[in-house]
Amino acid sequence: MHGHRVLRRVVAAMACSLCAAATVVYQGPLTGGAEVPPVSTPAIGYVSVSNAGANLLQVDVTFSGLSASATAAHIHCCAAPGTNAGVAVPMPAFPTATSGHYIHDFLLDDASTYSSAFITASGGTAAGAQAALLNALLSDDAYFNIHNSVFPGGEVRAILTQTIFRNGFD
């Protein structure tokens, strides 16, 4: 499995070097079964995280059926699938609802994008946090989840995996 991750990193790096206008997309279905430990819930959703250029990250989330209104949502980093990790990127103004749609753009070179604990753990700078997050995304070591009062540890989670590589000419 580790060899597969290394190969994906090499392929992604080669592809990005061939195309300056590249967008790499990490996606995943939001389910209770992906939480650690798994939770039983009818809630579902989908998240897409697009890295367009060196410093822009767009998060696009659709969710429904939460057992209570969302209290928080985040990108967590950096832990292998099946484990928990700290908050890397909090979602500002995430809808406090049981269903909804959320889109937000983040500047990866801006320290306000990251949690202070993630910046500290990544060398104390936004550049360190950016490098850690992008490396984790390439390695499937980042996930997105939505929390609420019924499931404070998270009701639904998606492992963010690279699924699309676009060069702007598609």
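Before counting anything, I settled what counts: helices (H or I, at least four residues) and strands (E, at least two) are DSSP runs, numbered from the N terminus. I also noted that this is a predicted model.

**Entry 1: the overall layout**

How many helices and strands does the protein chain have? I got three helices and nine strands. Reading along the sequence, I wrote down the pattern α-β-β-β-β-β-β-α-α-β-β-β.

Next I checked burial and surface. Of the 170 residues in the protein chain, 45% are buried. The chain exposes about 7,900 Å², and carbon and sulfur atoms supply 63% of that. I then took the contacts between residues at least 6 apart in sequence and found that 64% of them join residues at least 24 apart.

**Entry 2: the four-stranded sheet**

I picked out an open sheet of four strands with antiparallel pairing, in the order β5-β4-β7-β8. Which are the edge strands? They are β5 (87-90) and β8 (156-159), and each pairs on one side only. From one strand to the next, the twist averages 25°.

I followed β4 in both directions. Toward β7, β4 (residues 70-77) pairs with residues 142-148 in the antiparallel sense over seven bridges. Within that pairing, Cys77 has Ala142 as its bridge partner, and His76 stands opposite Tyr143. Toward β5, I found three bridges, again with the strands running antiparallel. There, Ile75 stands opposite Val89.

Is β4 mostly covered or mostly open? It is mostly covered, with six of its eight residues buried.

As a general rule, nonpolar side chains in soluble globular proteins tend to be buried together.

I clicked on Met91 to see what surrounds it. Leaving aside neighbours within four places in sequence, Met91 is in contact with Val59, Ala73, His74, Ile75, Tyr102, Phe106 and Phe144.

**Entry 3: the salt bridge**

My search for salt bridges came back with a count of one. The pair is Glu35 and Arg157, with the closest N and O atoms 3.5 Å apart.

Are the two partners buried or exposed? Taking under 20% relative accessible area as buried, Glu35 qualifies at 2%. Arg157 is buried too, at 1% relative accessibility.

For context, most residues other than glycine have a negative phi, and most peptide bonds are trans. I went looking for exceptions.

Where are cis peptide bonds found? One runs from Val36 to Pro37, with omega near -5°. Pro37 sits in the loop between β1 and β2. Another runs from Cys77 to Cys78, with omega near 10°. Cys78 is in the loop between β4 and β5.

For positive phi, I noted Ala93, at about 60° although it is not a glycine. Ala93 is in the loop between β5 and β6 (100-107). With a relative accessibility of 77%, Ala93 counts as exposed.

Asp140 also has a positive phi of about 60° without being a glycine. Its place is in the loop between α3 and β7. At 12% relative accessibility, Asp140 counts as buried. I also checked Asp140 against Leu160: they are 20 residues apart in sequence and 6.0 Å apart in space, C-alpha to C-alpha.

How values were computed. Residues are numbered from 1 along each chain as its sequence is written. This is a predicted model: local features need pLDDT of at least 70, side-chain atom pairs count only at pLDDT 80 or more; totals for chains, interfaces and linings use all residues. Side-chain values use heavy atoms; hydrogens and water are left out. Two strands pair if DSSP finds at least two bridges between them. Axes are lines fitted to C-alpha atoms, for helices over the stretch in contact, and angles run from 0 to 180 degrees between N-to-C directions. A salt bridge is a side-chain nitrogen of Lys or Arg within 4 Å of a carboxyl oxygen of Asp or Glu. Buried means under 20% relative accessible area, exposed over 50%, partly exposed in between (1.4 Å probe, protein chains only). Contact means heavy atoms within 4.5 Å. Accessible areas come from the Shrake-Rupley method with a 1.4 Å probe; for residues, only the protein chains shown count as cover.
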